[in-house]
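Let's take a look at this structure together. Have the sequence and the 3D view open as you read.

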There are 2 protein chains.
Amino acid sequence: MELTTAIEKYRKLQAKLSAYYHAMSLIHYDGVTSAPSATAANRGQTLSVLSEETYLLSTGKETLELLEFLDAHKDELDYVQARSVYLSLKEIKEMQKIPLEEYVAYEELMVQSDDVWHKAKETSDFALFLPYLEKIFEYQKRFARYCAPDVHPYNYCLDKYEDGLTMDRCDEFFAALKSRLVPLIKKIGQKEQIDDSFLYGDFSEADQEKFSLSLMDVIGIDKGHCGLSTTEHPFTTSFGSHHDVRITTNYYRNNFTFSMFSVIHEGGHALYDMGSDDSLAYTNLDGGVSMGIHESQSRFYENLLGRSREFTKYVFPTVCSCFPSMKSCTAEDFYRAVNKVSPSLIRVDADEVTYALHIMVRYELEKRIMSGDLEVKDLPAEWNRLYKEYLGVDVPSDREGVLQDSHWSGGAIGYFPSYALGSAYGAQLLKKMKESVDVEACLKAGDFAPINAWNKENIWKHGRVYTPSQLLERVLGEAFDPFVFTDYLEKKYGEIYGL
Amino acid sequence: MELTTAIEKYRKLQAKLSAYYHAMSLIHYDGVTSAPSATAANRGQTLSVLSEETYLLSTGKETLELLEFLDAHKDELDYVQARSVYLSLKEIKEMQKIPLEEYVAYEELMVQSDDVWHKAKETSDFALFLPYLEKIFEYQKRFARYCAPDVHPYNYCLDKYEDGLTMDRCDEFFAALKSRLVPLIKKIGQKEQIDDSFLYGDFSEADQEKFSLSLMDVIGIDKGHCGLSTTEHPFTTSFGSHHDVRITTNYYRNNFTFSMFSVIHEGGHALYDMGSDDSLAYTNLDGGVSMGIHESQSRFYENLLGRSREFTKYVFPTVCSCFPSMKSCTAEDFYRAVNKVSPSLIRVDADEVTYALHIMVRYELEKRIMSGDLEVKDLPAEWNRLYKEYLGVDVPSDREGVLQDSHWSGGAIGYFPSYALGSAYGAQLLKKMKESVDVEACLKAGDFAPINAWNKENIWKHGRVYTPSQLLERVLGEAFDPFVFTDYLEKKYGEIYGL
């Protein structure tokens with residue numbers, strides 16, 4: 001085979017796989033946005049066919065031969081091509097270790113479990129979800145045994161969402177955070193609490209949607225390529241390539257800040273996905289490199305920018321025009337209210353300071369289940385116990401407890417630590433960005449162009465060309481330091497709470 | 001090969017194809033319900049891959065051998081299996097005549113043209129749509145040459161939507177209608193016009209949606225398997241099997257009857273699709289047999305039932321509760337208003353009597369283009385001329401003229417006659433149904449169960465097992481007679497207008 005022929009064959013293979021991923025992602029998306037309630041089994045039927053086709057296409061003899069040929073000629077490939085082939089080969093070798101029947105059965109389980117989770121959350125009925133969650137953890141353990149028999153099964157999970165992440169690194173990272181956050185939270189707790197009562201009222205879905213769409217414009221999202229829908233749990237997905245991205249949010253009538261910050265959060269994911277270099281479209285290098293880097297972008301927009309004094313002040317007139325009752329407070333009141341620190345029940349509602357504690361609860365529980373030290377059926381009790389221990393709150397129902405997140409129902413075990421990691425990456429990226437961009441001035445003027453340009457140049461356009469650590473090294477020019485994040489929190493909240 | 005093995009292989013092949021159709025239908029649906037505006041090219045990319053796969057799967061050597069084996073053993077198959085194999089073989093032989101590149105290019109064109117049609121309609125810009133429409137007609141002519149070189153290309157088109165339909169049959173059918181409708185319309189025109197001014201006002205989308213959802217309940221649609229969305233042009237689609245069906249409508253603020261009757265119309269399509277026997281799911285016999293029979297169901301629910309005095313009276317209290325301004329009129333006023341006969345511009349808004357004239361315009365134009373007697377660029381002028389001639393109305397813009405329907409942008413040339421045919425089938429079916437079901441009593445009580453049970457037993461459950469004419473013969477026990485329809489119209493509107 002000629003190398004150019006092989007390269008062309010490989011391009012076509014990637015495009016074909018992108019089409020299958022497009023179809024499967026859209027079927028999932030339809031399931032949570034507009035599908036009728038009793039259609040999950042029908043989607044499962046289709047997904048089992050498409051995932052089987054994808055598996056066969058990815059791991060087939062012809063594909064493997066093609067990849068091995070390309071790998072043998074890697075010195076003649078450019079860096080990007082070689083990286084793409086390396087990743088394909090790595091994924092295929094892993095997929096080959098999972099028997100086809102199990103791969104397909106797992107894909108079908110995902111459809112069912114997502115559907116059951118929605119129902120279980122609605123009725124706060126963990127027992128309904130339990131058999132599915134048990135199977136999901138069971139599959140994860142089995143996949144870990146197949147794919148990475150020499151490492152701890154939870155390390156296998158962590159590595160999937162953040163290349164190279166291990167329990168050791170997590171333990172160290174969380175210990176560092178804890179050493180600074182626990183005293184900070186304690187000090188804040190001794191101060192007079194911020195009044196955020198004006199954030200609660202009656203805000204129609206139509207007004208919140210209007211506001212959400214305007215926020216997408218402000219942060220620089222091209223709505224021609226990014227849509228907004230409503231789901232129980234906000235998320236970002238893309239279809240086929242970075243040219244079609246969708247974000248979702250949820251509108252709570254009594255509080256518009258949930259949709260406000262979830263739209264900015266998902267907007268950060270969307271900007272990252274949409275920022276891939278066009279040459280990467282329809283290849284396996286399109287989109288974000290890892291969930292840690294992804295969350296560094298989403299939480300960057302949500303918190304480091306979205307909850308800054310400059311941005312909240314800039315956006316306040318729009319807030320007042322969409323929600324007239326807000327005129328009773330000042331921009332500074334609004335800034336302080338959206339930064340109120342208060343241990344709470346719901347992760348996605350949590351403030352920047354206590355957020356990592358929510359993650360630590362999930363991390364502990366996942367680690368113990370994957371280690372065989374905790375049974376899935378005992379999750380609710382342990383969840384509630386840890387929330388009391390870490391955050392000091394009583395969990396009144398599983399709906400507000402162990403059933404709150406969609407991640408486990410989608411098989412995303414090992415994902416949560418990337419949120420905390422991403423927050424910390426983000427703080428260090430902001431410090432670096434400030435060396436060349438006047439971020440405060442941009443936020444004051446509501447001008448995200450220079451900020452987005454910096455992110456595009458340094459992070460987004462690279463897609464999956466570099467590993468997460470390579471990417472961070474290239475941008476930061478220094479090692480990852482979690483204390484940049486805790487310094488940021490101490491400074492910001494010290495000022496807000498007068499510590 | 002053992003016959004049982006072949007049957008099992010065939011079952012799997014059908015299930016696989018159903019999955020691809022699910023994915024492709026959903027991508028189309030996403031395109032018109034919630035996709036961002038600039039993502040059509042991305043969908044085209046994915047659809048070109050999936051349609052190529054579908055083509056290869058349908059026409060591949062292995063598939064053909066399997067089907068020929070099954071066909072050779074057709075005497076050992078049951079009736080349903082044999083019919084399924086026959087249809088597959090027929091479709092494959094036809095598909096094989098179309099070169100793969102053209103099949104895929106056409107599928108990509110469909111995505112683009114649908115997108116461009118939406119934009120062209122919005123801005124009333126026929127020139128924008130023209131190059132796409134020219135290509136569509138060009139492809140249709142070419143496909144006709146490939147697949148049915150011995151028949152007139154327009155007969156090839158008609159037959160696709162109604163097995164056995166020809167220009168001769170259409171000409172005869174439309175002549176029959178014309179002979180009775182033209183005098184009827186003339187007589188009505190001489191009478192005092194019905195006041196329907198109270199149907200126009202300000203009706204919020206939320207209220208209309210609430211009403212639409214309640215109508216779905218009234219006519220007996222299981223919402224667990226049928227969803228409702230908003231699109232420019234209402235339609236019905238199904239995903240993978242009859243277990244997941246979607247209908248769409250459009251809400252016009254100034255008039256709720258558009259969404260009311262389009263929901264009942266699409267609801268009729270949905271009931272038909274959803275009524276297939278469960279054993280037909282994931283086979284090529286699932287769903288409706290032809291567009292003529294499909295429209296016989298949709299227009300049956302919309303007009304024969306939905307615009308009856310009994311039904312409008314039954315639903316009137318709900319109308320008043322959703323739209324309080326309607327309390328100013330009586331149920332009888334409402335019945336008369338939704339049956340006002342008035343030559344108009346928009347097909348989907350047309351009354352039962354003048355509706356067929358809208359179809360005849362489209363039929364004439366399609367026939368002339370497919371015969372080479374009219375150029376696509378001359379469509380708007382000819383459209384406007386025929387509307388003046390047949391309906392006596394002046395067309396003020398292409399938006400309200402040649403661009404109003406989505407059919408051509410989706411490649412559906414030859415589809416329109418099935419609407420008129422369906423209306424006429426429906427009248428004869430109603431006459432038959434009344435021999436065993438007290439339809440008036442059901443409508444008075446808002447009890448659709450006996451009506452739906454009759455349709456399920458006689459039409460829906462059979463899916464595509466019988467040809468349209470076989471099906472009609474089985475149900476009616478007599479030949480198709482278009483004058484049953486004109487008799488119905490003369491009686492109903494004679495009474496309404498006091499002729």
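## Salt bridges, to begin with

A salt bridge here means a side-chain nitrogen of Lys or Arg within 4 Å of a carboxyl oxygen of Asp or Glu. Keep in mind that you are looking at a predicted model. A handy example is A:Asp378 with A:Lys377, whose side chains meet in a salt bridge at 3.3 Å, N to O. How exposed are these two? A:Asp378 counts as partly exposed because its relative accessibility is 31%, and A:Lys377 is partly exposed too, with a relative accessible area of 45%.

Over all chains, the structure holds 62 salt bridges. Let's pick out a few of them.

## Bridges that link distant parts of chain A

Start with A:Asp196 and A:Lys340, which form a salt bridge with their closest N and O atoms 3.2 Å apart. This pair links distant parts of the chain, 144 residues apart: A:Asp196 sits in the loop between α8 (167–189) and α9 (205–218) of chain A, and A:Lys340 in the loop between α13 (331–337) and α14 (355–371) of chain A. Is A:Asp196 buried or exposed? Its relative accessible area is 13%, so A:Asp196 is buried. A:Lys340, at 22% relative accessibility, counts as partly exposed.

Next up is A:Glu382, which forms a salt bridge with A:Arg368, the closest N and O atoms being 2.9 Å apart. Here the link runs between helices: A:Glu382 belongs to α15 (residues 379–391) of chain A and A:Arg368 to α14 of chain A, with 14 residues separating them in the chain. A:Glu382 is buried, because its relative accessible area is 14%, under the 20% cut-off. A:Arg368 is partly exposed at 22%.

Salt bridges that share partners join A:Arg368, A:Glu382, A:Arg385 and A:Glu389 into one network.

## Where the two chains meet

Now for the contact between the chains. Chain B puts in 36 residues and chain A puts in 35 residues. Together they bury about 2,800 Å², and 57% of that is on carbon and sulfur atoms.

How many salt bridges are there between chain B and chain A? The count is four. One to find in the 3D view is B:Arg246 with A:Asp30, whose side chains meet at 2.6 Å, N to O. Chain B and chain A also have 19 residue pairs in polar contact, both residues being at pLDDT 80 or more.

Which parts of chain B give two or more residues to the side that touches chain A? They are α1 (3–33), α2 (40–59), β1 (226–230) and β3 (245–249) of chain B. The largest share of that side comes from α1(B), with 10 residues. Sorted by type, the chain B residues that touch chain A are 16 nonpolar, 13 polar and seven charged.

Last stop: B:Ser124, in the loop between α5 (100–123) and α6 (126–147) of chain B. B:Ser124 counts as partly exposed, because its relative accessibility is 26%.

Which residues does B:Ser124 touch, not counting residues up to four places away in sequence? They are B:Ser397, B:Asp398, B:Arg399 and B:Leu403. Take B:Asp398: B:Ser124 and B:Asp398 are 274 residues apart in sequence, yet 5.4 Å apart in space, C-alpha to C-alpha. As for B:Arg399, the side chain of B:Ser124 reaches its backbone nitrogen at 2.9 Å.

Technical notes: Residues numbered from 1 in each chain as written. Chains lettered and ligands numbered in written order. Predicted model: local features only at pLDDT ≥ 70, side-chain atom pairs only at ≥ 80, totals over all residues. Heavy atoms only, no water. Contact = heavy atoms within 4.5 Å. Buried area = accessible area lost by both parts, 1.4 Å probe. Polar contact = N/O pair within 3.5 Å; in protein donor to acceptor, adjacent residues only side chain to side chain. Helix = DSSP H or I, 4+ residues; strand = E, 2+ residues; numbered from the N terminus. Nonpolar A, V, L, I, M, F, W, Y, C, P; charged D, E, K, R; others polar. Buried < 20%, exposed > 50% of the residue type's maximum accessible area, 1.4 Å probe, protein only.
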